[in-house]
Every structure is written in structure tokens, then in C-alpha cells.
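Open the model in your viewer and keep the sequence panel beside it. The stops below say what to select and what is found there.

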Amino acid sequence: MIPPRPGRLYWVCQAAGWGSFTVYVLGGYLIGTTPDQRKLSDFFSIFFSNLVLCPLVSHLLRRELYRREWLLLPLRRLVPRIALVLVSLGLALTCWVALWVWVVARNPLDGLSFLSIFVGFTWALIGWFVIYYAVHSRRRRDALQLELAVVSRDAQLRSLRAQLNPHFLFNCLNSLRHLIGENPDRAVAMVTGLAELLRYSLASDRTEMVSLAEELQVVDEYLELERVRLEERLRIERAIEPAALATRIPPMLIQTLVDNAIKHGIADLPRGGVVRLGARVTEAGVEIVIENTGTLKPPTSTTSGHGLRNATERLRLLYDGAASLTLGERDGMTRAVVLVPAGSKDPASR
């Protein structure tokens, strides 16, 4: 990974941080020595080590962190690596100071002085890394949240367009026209269901996560609208464990999968078929399964498949790769399986 070009703030922080450390070391030197013990070579060593070598070493370390992609590692893998590097760098800087003192002052460092200088350099490098890692992690989280917001808004707009397309609305209105005379009560229920579905779609960009129970309520409204159109060709089966209902998922996720199951499966079959909704708690997390009669079909155009790709991307961003969406076939049924970690919460509450 190529490191990004450091900005002005980075150089300001480098100068402020190592400048402060230099003042600290210089203060310790002045307090611990008498005027007749102080040498020009010592002042040169302090300023050169802390204002030139330390900024150079930390800048090169930053480049290596990006090149080796260590900043992407989990802490359990990063800490042993970076600890060894920081201790080695602290030792190298201490050896340089010892060599300088021995060559210039002809006065080798004693063991206690060597240890104190080594500890000082090492702690300074550790402090630099901790601050840099914290700032980098914060910026990475902000970038992730921004990317998630863009993807979520795109998903919401795609879902809304799918529900507001003329074909869908025409089918609903045509069914309503027949129901008004034949079954006014059902016509009223259909209008209510359509309104709830559209309201949920419009509000889905205001939150990143909803409970599975909330999502299923909207899915039921959608299925009732489609059942009016498809009548006996659409059959619904449910197997939802109560323990799974509190699971947090992206809004419109299950609705998108159910919409695909009907549009690309049931609607194309003269005799229709069944849509099965299942959710259960497993050792790996919460498994949500949407099955429909029919075989898995490849995308028919460059514009199809956006919903599934978008859903997969949202799961990746929200759960940091811990969730998954897979498609497959089994026993003449197309299966979409969503697996999310158990006890999932909103990202904002993490």
C-alpha cells in the first residue's frame, strides 16, 4: 500500500511532538549536570538525535506501516510486530548516542546512562505510534462511516425507485380498482399497506440498522400487496425463532431479497411457488434464509443485480467483514442466506 502524502497537520504534529521531547531531554540534561560538566558535543547530540534522527525514523516507520499494511491488522497481530520494531529503533538510537559520546567525548556511557537513554527513546517512539495509530483509526472510522452513508443512501434510493416504478404501482392500482367494488375492506387494507411500505422506504435513510422484527413487519405489508396481484400463485411459509427478532440488520435488506425472490422466481412460474422466510440463532451468529421456488438465474443485464451487490456491500461495511450474504440452490429452491454476528448492535453504539 502506497502511503498517502502527509499533510501540513502531520508535519506540524511532528515538529511539536519531537520539539517537546527535545525540551524534556534538554531540561533533564541541564538539571542533572553542573555548568562545568556540560559540553557542546552533548548539546549537539541532544538536538541532532531528537530533532533530526527521531523525526526521520518516525517518518520512515510511517511509510513502512503503510507499505506492509500493518495499520490494517487487528491489534492482537499488530502489537507484537510494532513492539519489536519500536524496541529495536530505540536500541539503534541509543547505540548511535553511545557511539557519538565514545568517538567525540572519549567517554563511554555507563550502563545506567545507556539504559535511561534507551528507555527514553523507546517510550518516545511508543508515544508517537500510539498517537499516530489513534488518529489514523479515527480517520479510518470516519471514512468508513462516510462510505457506509453513501452506500446506504444508494440502497435506499434503489429500493424506493423499485417500489415506485410504474409497473409496480400500476399493478397495485389495478388490483385496487377491482377490490374497491368487490371487497372494500381489503382495498382499504391494501392502501394502508402500500402507504406503510412507502413510508418505511422514505424513512430508511435515517437509520443504519433496524431490528429484524421491524423489517419483517414491512416485508409482510409487501407480501400482502403481491399476494393480491399473484393470488394463489404466491404462498408464504415462515420459520422465525423469537430469539432472532431482536437482531439488528440494515433496513430494506430482507425486503430486497424477498422482492428478488418474487420478481425473478415466483412471478415467472405459471403455477407460482412458495417463498420461505426463516431465521434462527446458531453458534456462528444469526442466520436469515429467504428461499423461493425456482432456479438461480444469472443477471440478464448490466443494470440487474444491483440490489444484491448493494446488500452485500452494506453488510461488509456495517459488520467489518463479519457478516455475509450468499446465494445458492438446494432441492429446486433458490436460497439467499444472510449470516450476521450474534448480539448485533447499531454501529453508533459500539
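Over the ring of which residue does the charged end of Arg62 sit? Select Arg62 and Tyr10: the charged end of Arg62 sits over the ring of Tyr10, 5.0 Å from its centre. A charge counts as sitting over a ring if NZ of Lys or CZ of Arg is within 6 Å of the ring centre and within 35 degrees of the ring normal.

Before moving on, note that this is a predicted model, in which local features need pLDDT of at least 70 and side-chain atom pairs count only at pLDDT 80 or more, while totals for chains, interfaces and linings use all residues. Residues are numbered from 1 along each chain as its sequence is written, and side-chain values use heavy atoms, with hydrogens and water left out.

**The whole chain**

Nine helices and seven strands are present; helices (H or I, at least four residues) and strands (E, at least two) are DSSP runs, numbered from the N terminus. Of the 350 residues, 39% count as buried, where buried means under 20% relative accessible area, exposed over 50%, and partly exposed in between (1.4 Å probe, protein chains only). Among contacts (heavy atoms within 4.5 Å) between residues at least 6 apart in sequence, 76% join residues at least 24 apart.

**Helix H1**

Select residues 8–32, which make up helix H1. Its 25 residues reach 36 Å from first C-alpha to last, close to the 36 Å expected at 1.5 Å a residue; the expected span is 1.5 Å times one less than the number of residues. Buried residues of H1 include Tyr10, Trp18 and Thr22.

Zoom in on Thr22, which has a relative accessible area of 3% and is buried. Not counting residues up to four places away in sequence, Thr22 touches Ile46, Phe47, Asn50 and Leu51.

**Helix H2**

Next select residues 40–67, helix H2, and within it Phe44 and Phe48, which lie four residues apart, about one turn of the helix. An α-helix has 3.6 residues a turn, so residues three or four places apart point the same way.

Rings of Phe, Tyr and Trp (its six-membered ring) pair if their centres lie within 6.5 Å; planes under 30 degrees apart count as stacked, over 60 as edge-to-face and the rest as tilted. By this rule there are eleven aromatic pairs. The ring centres of Phe44 and Phe48 are 5.6 Å apart and the planes are at 10°, so this pair is stacked. Phe44 is partly exposed, at 42% relative accessible area, and Phe48 is partly exposed at 27%.

Leu61 is also found in helix H2. Leu61 is buried, with a relative accessible area of 7%. Leaving aside neighbours within four places in sequence, Leu61 is in contact with Ile82, Val85, Leu86, Leu89 and Trp128. Draw a distance between the C-alpha atoms of Leu61 and Leu89: they are 28 residues apart along the chain and separated by 9.5 Å.

**Helix H7**

Finish at residues 212–230, helix H7, whose 19 residues reach 26 Å from first C-alpha to last, close to the 27 Å expected. Among its buried residues are Glu215, Tyr222 and Glu226. Just after H7, select Glu231, which takes a positive phi of about 55°.
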